[in-house]
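Dear colleague,

Please find below the structure that I am handing over to you, followed by an account of what was found in it. I would be glad if you could read the text alongside the coordinates.

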Amino acid sequence: MNYRHAYHAGNHADVLKHLVLCRIIALLSRKEAPFAYLDSHAGVGLYDLRGDQASRTGEWLEGIAKIWQAEDVPEPFADYLGVIRAMNPEGELRHYPGSPELARRLSREQDRLQLNEKHPEDGRLLKENMKGDRRVAVHLGEGWHVPRALLPTQEKRMLMLIDPPFEQDDELERCVESLGDAIARMRQAIVAIWYPIKDLRQLRKFYRDLEKSGAPKLLRVELYVHPTDESLRLNGSGLVISNPPWGLEDELKQLLPWLAERLGLSQGGWRMDWLIEEKTSA
Ligand SMILES: C[S@@+](CC[C@H](N)C(=O)[O-])C[C@H]1O[C@@H](n2cnc3c(N)ncnc32)[C@H](O)[C@@H]1O
């Protein structure tokens, strides 16, 4: 386990993932009923963009730095950027929230968070960063066991983020298995899987496997910063989302073109479509 998210915090892939996460939470919050948030590969929760690790790559300069003070930013960015502004009250961008911190700040009193991180040091930091919030439980276990260990939740509504480091060859397959495990336990589960757009051959298999996952509905959302070609660099990233809340697709139609224009490097682009469409009764 060599991956440390601090090197990549706030990059274009984090922006896409975290924006979508914030929108799902906002749409879930329209109803009073509580929801559970699960994060199987949670990271440490808080990042210092001026710290040693983030400074070495400077990836955030091509991500959050390009949008956090843009004047024409579409309204649905408000929650995400509001958290970042609150963490940087002096007006200089330094502190960046990971997915656990975004979910913690944007969820409500009645909601509950279950965070999991396998790396012992990162898990310790995550616990430290989340301490004092009694709605949050931190587990230091195997992320791929999370659906079987923690589902179904007592809350009828559940959002799980699956965001592995993709260090191992089998992680795309394990994402599909985890989605299947989650849907088998909670058919209505909202599961968001983040993935890098690099190796197109592997991705084509991933999409085919996802189509057989058993999810009732599955939305695919992708943001490109370079043309998608056979090169193995990070050309963009995507999320597949099972049972996305009503309204998400329409919002993302508005947000993705703006993001692609802002974050595109050699060539920005996006797509959104249904990998599994809801069956309508005849
Ligand atoms: C991409 S980062 C997570 C970033 C975080 N979700 C966010 O958006 O802020 C992936 C994390 O998974 C952890 N990890 C790696 N293998 C794992 C495993 N098998 N189970 C759980 N966590 C794992 C890594 O230590 C790393 O912190």
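**The second largest pocket**

The second largest pocket holds about 390 Å³ of space, and please bear in mind throughout that the model is a predicted one. Sixteen is the number of residues that line this pocket, and those closest to its centre are Ile190, Asn243, Pro244, Pro245 and Trp246. Helix H1 (12–28) contributes at least two residues to the lining, and strand S6 (157–162) likewise contributes at least two. Sorted by class, the lining of the second largest pocket comprises eight nonpolar, six charged and two polar residues.

Asn243 sits in the loop that runs between strand S9 (236–242) and helix H9 (248–263).

**The ligand and its surroundings**

There are 24 residues around the ligand, and among these His18, Ser99, Glu117, Gly143 and Asp163 come nearest. By class, this shell is made up of eleven polar, eight charged and five nonpolar residues. For serine 99, a polar backbone atom is 2.8 Å from an oxygen atom of the ligand, while for glutamate 117 a polar side-chain atom lies 2.6 Å from a ligand oxygen atom. In the case of lysine 118, a backbone N or O atom lies 3.3 Å from a nitrogen atom of the ligand. Taken alone, the ligand would expose 600 Å², of which the protein buries 96%.

**Aromatic pairs**

Over the whole structure, the search finds five aromatic pairs. In one of them, tyrosine 195 and phenylalanine 206, the ring centres are 5.1 Å apart and the planes stand at 65°, so the pair counts as edge-to-face. Because tyrosine 195 belongs to strand S7 (residues 190–197) and phenylalanine 206 to helix H8 (residues 200–211), the pair ties together parts that are eleven residues apart in sequence.

**Further backbone features**

Most residues other than glycine have a negative phi, and most peptide bonds are trans, which is the background for the two remaining points. The peptide bond that joins leucine 151 and proline 152 is cis, with omega at about 0°, and proline 152 is found in the loop between helix H6 (146–150) and S6. Phenylalanine 166, which is not a glycine, has a positive phi near 55°, and its place is in the loop between S6 and helix H7 (171–185).

Note on methods:
Residues numbered from 1 in each chain as written. Predicted model: local features only at pLDDT ≥ 70, side-chain atom pairs only at ≥ 80, totals over all residues. Heavy atoms only, no water. Near = heavy atom within 4 Å. Polar contact = N/O pair within 3.5 Å; in protein donor to acceptor, adjacent residues only side chain to side chain. Areas by Shrake-Rupley, 256 points an atom, 1.4 Å probe, with all protein chains shown as cover. Nonpolar A, V, L, I, M, F, W, Y, C, P; charged D, E, K, R; others polar. 1 Å grid on protein atoms, 1.4 Å probe; cavity = no way out; pocket = protein on both sides within 12 Å on 5 of 7 lines; lining within 4 Å. Points joined across faces, edges and corners; volume = space filled by probe spheres on them. Helix = DSSP H or I, 4+ residues; strand = E, 2+ residues; numbered from the N terminus. Phe/Tyr/Trp six-rings, centres within 6.5 Å; stacked < 30°, edge-to-face > 60°.
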